[in-house]
Number of protein chains: 4
Amino acid sequence: MIRFLTAGESHGPMLTAIIEGLPAGLPLTPEDINGELARRQQGYGSGGRMSIEQDTVRITSGVMNGVTTGAPIALLVENRDFKNWREKDIDAMTIPRPGHADLTGAIKYGYRDMRIALERASARETTMRVAVGAICKKLLAEFGIVVGGYVTQVGDVKATIDPEMGYEERFRLAEENDVRCPAHESVEAMHEAIRQIKIDKDTLGGIFEVIALNVPAGLGSHVHWDRRLDAKIVAAMVSIHAMKGAEIGEAFDNAGKPGSQVHDAIGLSSDEDHLIRRTNRAGGTEGGISTGEPIVARVAMKPIATILKSLESVNLATGAAENTVFERSDFCALPRAIPIGEAMMAIVIADALLEKLGGDSIGEMKPRFASLRQARLSDLPMDNVEWRFGYE
Amino acid sequence: MIRFLTAGESHGPMLTAIIEGLPAGLPLTPEDINGELARRQQGYGSGGRMSIEQDTVRITSGVMNGVTTGAPIALLVENRDFKNWREKDIDAMTIPRPGHADLTGAIKYGYRDMRIALERASARETTMRVAVGAICKKLLAEFGIVVGGYVTQVGDVKATIDPEMGYEERFRLAEENDVRCPAHESVEAMHEAIRQIKIDKDTLGGIFEVIALNVPAGLGSHVHWDRRLDAKIVAAMVSIHAMKGAEIGEAFDNAGKPGSQVHDAIGLSSDEDHLIRRTNRAGGTEGGISTGEPIVARVAMKPIATILKSLESVNLATGAAENTVFERSDFCALPRAIPIGEAMMAIVIADALLEKLGGDSIGEMKPRFASLRQARLSDLPMDNVEWRFGYE
Amino acid sequence: MIRFLTAGESHGPMLTAIIEGLPAGLPLTPEDINGELARRQQGYGSGGRMSIEQDTVRITSGVMNGVTTGAPIALLVENRDFKNWREKDIDAMTIPRPGHADLTGAIKYGYRDMRIALERASARETTMRVAVGAICKKLLAEFGIVVGGYVTQVGDVKATIDPEMGYEERFRLAEENDVRCPAHESVEAMHEAIRQIKIDKDTLGGIFEVIALNVPAGLGSHVHWDRRLDAKIVAAMVSIHAMKGAEIGEAFDNAGKPGSQVHDAIGLSSDEDHLIRRTNRAGGTEGGISTGEPIVARVAMKPIATILKSLESVNLATGAAENTVFERSDFCALPRAIPIGEAMMAIVIADALLEKLGGDSIGEMKPRFASLRQARLSDLPMDNVEWRFGYE
Amino acid sequence: MIRFLTAGESHGPMLTAIIEGLPAGLPLTPEDINGELARRQQGYGSGGRMSIEQDTVRITSGVMNGVTTGAPIALLVENRDFKNWREKDIDAMTIPRPGHADLTGAIKYGYRDMRIALERASARETTMRVAVGAICKKLLAEFGIVVGGYVTQVGDVKATIDPEMGYEERFRLAEENDVRCPAHESVEAMHEAIRQIKIDKDTLGGIFEVIALNVPAGLGSHVHWDRRLDAKIVAAMVSIHAMKGAEIGEAFDNAGKPGSQVHDAIGLSSDEDHLIRRTNRAGGTEGGISTGEPIVARVAMKPIATILKSLESVNLATGAAENTVFERSDFCALPRAIPIGEAMMAIVIADALLEKLGGDSIGEMKPRFASLRQARLSDLPMDNVEWRFGYE
């Protein structure tokens, strides 16, 4: 079981994470993590902060000679911007911004300066999720599992993705542009939407997909409500700042269709050796358990709450109506959300895989993985069933 | 912190739940639970099972003289259908149904008869969630918190709900018809869609909303990813059988709008005493913390996987392609999903409330609740801020 | 990971437990559990209750055709005494008994009748721990792991156990007498002490040992404080009613000796194939990890708090000093504590084993167990070490 | 609920901890922590390491302007010794030391150099527990709760502590000498024992007590096995390196006495206002719930496993018997264990207090604490009991 805690504020000295429960024997270097941190910092529509920070991680425990030891791993990322803020004379923040944790944080914790809420509620926190996720990706890669993602909609501009295009191709094409959209013909319209929203002093959200490939069948469980893999995935997605909805496959669309058009028929491979699916409308889970098909999460991101065009609010220092004051932010953070969504998917899948395999080292896990029951007919022999229905 | 475990199979002798962590001093009788169990059994589009069962609960611990003691509460619901199945000679199930846990359960647990997966994967399990949820509703009622829900879409038939209609009115109107839709003018079209799907030997899903009213601001937290209230709610919803997506407010729609049309301006009440919101597009949470506005979850239910019209599959006893065999089921289970969704919402909110209030008895919790910081200006005095931004 | 909840009061209608997280494929019948329940009911020094109850369990879910399915298992045990109490007119209990949860429970939960505390605080609750433990014992037996125990001291009467006597022999001999002491020559003195304490209208505690045999090396972990196996075992022991102390091996005695007389030298087997220990003063754990030697827990039980000779107290209904009123109880419950201690040990070891092996069925776990790294030299090849000390 | 993770190796660059779940509004500076870190580094019988390190903590998040914010707190402590080890050419460690995690760690994780086990298994890890505990002590101090401790036995030298001496006096006197023993007349014998053990190239353990004063009645619970406060405390103690046993009060001694001499009579204060105890043989808990009396844990520490006099072992690189090689260590670490034991006690009590009080800020918790039900007669009115015994 993976446990991790993150700490750190947006303009504090550094961000920290500790991850506990990973096996020994996984090769791991800062570069494995830094690549993902860099992806998180790149995307069309970002604000000024990203030109200040160039996140690099320091691994201070749990790894020796470039290999994990099984001990907790501590990760540190310094905030370059800290030195700028440390000296600054910063006014208290007393006008809550709609859509942010400013007001809810102050009510919950009793802050008299809402900047205290802002500092931890900032998406800067996701840096450490990406770092933890990068380690989980490395672990998953040992077993051939790949996690990727891409943008499908910016504001109201929907990408027209060829449904025949494979997922790895989509991942590759998405990385080739700064909105992370695999449909290159849609990129210019997305750019235009973001340019216009800047002119409007407004912000944009959108929709993205995160997919895990080559996940073995049998992760998660139907036997108890809180063990369902699909529920864990949507929770992980909605736990990301500004994400307010998630679905497995095209769930909201499928809700409008008859069952015969939603479920994925089970067929035989041409050599009659194993079971296959010709569709994956279920998005990779049935009964809260992975099917072996790609696990597809679709996530709705709201437009960033920090808007250059000020919004109606109240100054809590005076009790009078007063519009919000702009804090530096992105105009559209969607492209940068992709590696964050991937990180959360990787964490959930890695945890479920560790539960299935057990074990304390990669060496112990590898043969167990190789022996996992598959959708092969020889793995599922139901002729002459002896163990059958019956109670008491 | 509420912990609960449920147990029981669809045709086994009984269903069981144990709930641990509830305070002492809450009045509770079986009738409080039976009413919710009855709601779960009523709805247009149900199959034959519901005419057999009339669920009633037995409380066997944790309650004395009609009041909770703080000890774990055990709940039992007998399966009337058990006696029918006990005697029956039942064939092994060897043809997995697409969309169900039949195949994934067999791969995960090594079942040689997939009926073993079916028995626990059945939505019969939600009976105990509704029972647990009924207790949580009773607890919430002590603090004025109300949870309700209704159907907004059956198949592709969308209800036209007056946006001005209040939530309690919606709850009331929804209970007046057997599709649990507050827009009575949409009911006939929904009936028609379900009648037609029966003729087509197919199934229908849809979309519903579950709302928690009068939740105090400050439940959940932005400080750590796994403490966000919105993420817990979507996980609870998607943990329900056949639910594959969930959003807080109209998240997927909001993803297409500019920020200025998505965030909820903060205003002053007419007596300038407290802060108000004129809209609730956020669906009741900001930064993963309740705002004090209604908490609105929208959930996508897929059409039931058990379809009278058989689907392509493979007989695992022979290795040959063979279509699925029908198991008794509903045609459209959506109306019956409402009390289940409400139960899960009630469980999540009750747990978050207990975290905020602490305490071991209703008597201990009541004055704490009365003292909670509100969105009143006098609760949030930010003039002459002394505790302000600053590190190290 | 095993989760379990228990519920039920001493004189309520029944006791309940739900266990979640066990693998599929484990043969299990009520008889496997009833044998342990019967052991819990037998022992010299018991009070009147045990002649009323003859506990038998009903398994109502999670098992089909005598084999676990991986679904949660619900267990029910009826209280025969319930019918006697249901009709009775029972006075409120207002004089707290020293040593019991009467007063602390009333302070915590606000009870106005302390019988409510008594009902759940009663050791009757351990019935369900024994039931859960019996299932864990059955699971452990699949892997050759045996858990047993015996009394070593009743009041101030210490058994003189031959240090050369093997543990399985001790378990066997202990079951042959009603104080569960393997040193038969000490039994009469123990009987005499208990007879005298009855005459004195007083109670006796004592010390017992619980041992797990054939536990593989490598369960638990040193890497994080809350993963240490020894800490989990002492917590499990002290969680039992009346147990106030526990040690791994003879820890309190060892605290007085020099290190050279406490640590267990590592030697070679005669065929030079594997590592051996000639002593087990560590009690089976080093660094919070099982060594492969017997795991030995020693537990101190206080004398039962319910004493026929009344103790000084205060009547909370009058505010005046008043002595305690006797509630039916045991004089010496120590012999009956053995199966309870064994149950808790079995639960902790089973959980640690599942963490090490992972997997969802006995069939999946068996080959993994067979491949566990042992104390064989061929498993621990440290010549030509390539992966060695080094940071960053 | 407090969650914390620690990370870091004995000779790695730094130690790290993250604590999540603390309230906002607690004044906290590095000095609050450094004082406890310094105590952990002082004690007669230490080895060479302590002259190298002078631990000071850096707080990098969760605190602003010297006050906690409710966000996770990250703590860093640099290892000064790191620079010495970084450059060194260090041989692989292939001869496991009896009593250490060397061999068990290698079996569990598959290490080929056992120094990897040693690095994390080192008691250097307790530095971060002391740091976390110092924060919990600061929190407890807000509510008048004090945690302290002292040595009662070094090797076989038992301190003769005046039973009438108050606990705060004991804490004060213990800090006045370098074996942390409140009975100053026993100190010279303890010194002598440690001096002799150095000459013998051996090590010594002993026994210490940790006490929490002014803990309100009602923390912990009897209602479920894993909520008992006493069980949590012994687990916390035995989770410390080299601690193999723990008891609440003098449990092993009490096990030999009749109940009438073990339980603590309940009396009336002289003004007949509240209940009192004239003894505290229970060690501060009844039914797993705090009584309001001092909570007393007694802990058995084994002699340190790293012994200058080498022990019999096997070289895993050659497969031949070979004695252990000395690693730098303490001769008697007992005096330095006191602040570690206090830290673990403080963590458990703070967690239980937060569960009882709930709340997210000190300001929210204070009035709740003031309203806690006490052992006052006016808080426990049991006359005219209406809510009384009865089932179904």
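# Two chain pairs in a predicted model

In this predicted model, chain A and chain B are in contact through 138 residues of chain A and 138 residues of chain B.

Me: How do you know what area is buried between chain A and chain B?
Reply: Buried area is the accessible area that two parts lose on being put together, summed over both. For chain A and chain B the value is about 10,900 Å², and carbon and sulfur atoms give 64% of that area.

Me: Why is the pair R278(B) and E312(A) called a salt bridge?
Reply: The rule asks for a side-chain nitrogen of Lys or Arg within 4 Å of a carboxyl oxygen of Asp or Glu. The closest N and O atoms of R278(B) and E312(A) are 2.9 Å apart, so the pair is within the 4 Å cut-off. Between chain A and chain B the count is 2 salt bridges.

Me: How many residue pairs are in polar contact across the interface of chain A and chain B, and which helix gives the largest share of the chain A side?
Reply: The rule finds 54 residue pairs in polar contact, both residues being at pLDDT 80 or more. On the side of chain A that touches chain B, helix α4 (residues 102–109) of chain A gives the largest share, with 7 residues. Sorted by class, that side of chain A has 68 nonpolar, 37 polar and 33 charged residues.

Me: What makes strand β11 of chain A and strand β11 of chain B a pair?
Reply: Two strands pair if DSSP finds at least two bridges between them. G245(A), for one, has E247(B) as its bridge partner.

Me: How do you know that chain A and chain B meet through the same surface?
Reply: 100% of the interface residues of chain A are also interface residues in chain B, so the copies meet through the same surface.

Me: What are the contact and the buried area for chain C and chain D?
Reply: The contact takes 138 residues from chain C and 138 from chain D. About 10,900 Å² is buried between these chains, 64% of it on carbon and sulfur atoms.

Me: Why is R278(C) with E312(D) called a salt bridge?
Reply: The closest N and O atoms of R278(C) and E312(D) are 3.0 Å apart, and the limit is 4 Å, so the pair qualifies. Between chain C and chain D the count is 2 salt bridges. Polar contacts there number 53 residue pairs, both residues at pLDDT 80 or more.

Me: What makes β11 of chain C and β11 of chain D a strand pair?
Reply: The antiparallel strands β11 (residues 243–248) of chain C and chain D are joined by 3 bridges. At least two are required, so these strands pair. In β11(D), G245(D) is the bridge partner of E247(C).

Methods:
Residues numbered from 1 in each chain as written. Chains lettered and ligands numbered in written order. Predicted model: local features only at pLDDT ≥ 70, side-chain atom pairs only at ≥ 80, totals over all residues. Heavy atoms only, no water. Contact = heavy atoms within 4.5 Å. Buried area = accessible area lost by both parts, 1.4 Å probe. Polar contact = N/O pair within 3.5 Å; in protein donor to acceptor, adjacent residues only side chain to side chain. Helix = DSSP H or I, 4+ residues; strand = E, 2+ residues; numbered from the N terminus. Nonpolar A, V, L, I, M, F, W, Y, C, P; charged D, E, K, R; others polar.
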